[in-house]
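Have the sequence and the 3D view ready, and follow along as we go.

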Amino acid sequence: TTEKVKFFLTIDPEEKAELRLTYSEARMQELVSYLDLKGELNIQVLKAMLDEATLATDNISRLPKDKATVCCLKLEHLCANHKDVLKGLKSKVPSHQMQELDDAIRTCHHRMEWMGKVRRNEVPIGEWGPFVLNET
């Protein structure tokens, strides 16, 4: 896809982290659009959204501390936004998919809290706690 080519051609780790955040936000928008259109969650897109946020951490670890701190703040805000948007979808999601949605909301919440700890220097950059790729 165009995203993969752009990511591959990007050398700067800060730009790579920014792309991952952008891609994660794009997956969120796709998730909402799919739900509005089909009346159900696209679980693959939900997992891709969470995975893109996780993959941003690979590049944040390679940055100087000041730039890493800024990216951590952006990731914290992204996770908070994901959590809020997902909570807003609860009334639209079919009951058989509610567990997946609740799990994603919890994941976003834990990630948001973790990034706050990283930002406050309670845990070092490079320890990513709840940021793990989904098993598919």
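At its relative accessibility, does V5 count as buried, partly exposed or exposed? V5 has a relative accessibility of 48%, so it counts as partly exposed. Here, buried means under 20% relative accessible area, exposed means over 50%, and partly exposed is in between, using a 1.4 Å probe and protein chains only.

Before going further, a word on what you're looking at. This is a predicted model, where local features need pLDDT of at least 70 and side-chain atom pairs count only at pLDDT 80 or more, while totals for chains, interfaces and linings use all residues. Residues are numbered from 1 along each chain as its sequence is written, and side-chain values use heavy atoms, leaving out hydrogens and water.

Now the overall plan. The protein chain has 5 helices and 0 strands, so to speak in DSSP runs: helices are H or I with at least four residues, strands are E with at least two, and numbering starts from the N terminus. Reading along the sequence gives you the pattern α-α-α-α-α. Our friend V5 sits in helix 1, which covers residues 2–9. Now find L89: it is 84 residues from V5 in sequence, and the two C-alpha atoms are 32 Å apart in space.

What about the overall shape? The C-alpha trace spans about 45 × 35 × 25 Å along its principal axes.

Let's look inside. Of the 136 residues, 42% are buried. Take contacts (heavy atoms within 4.5 Å) with a separation of 6 or more: 65% of them are between residues 24 or more positions apart.

Two buried residues deserve a stop: W128 and F131. Rings of Phe, Tyr and Trp (its six-membered ring) pair if their centres lie within 6.5 Å; planes under 30 degrees apart count as stacked, over 60 as edge-to-face and the rest as tilted. The count comes to 1 aromatic pair. The ring centres of W128 and F131 are 6.4 Å apart and their planes are at 85 degrees, so this pair is edge-to-face.

Last stop: N121, in the segment after helix 5 (98–119). N121 is not a glycine, yet its phi is positive, at about 65 degrees. With 53% relative accessibility, N121 counts as exposed.
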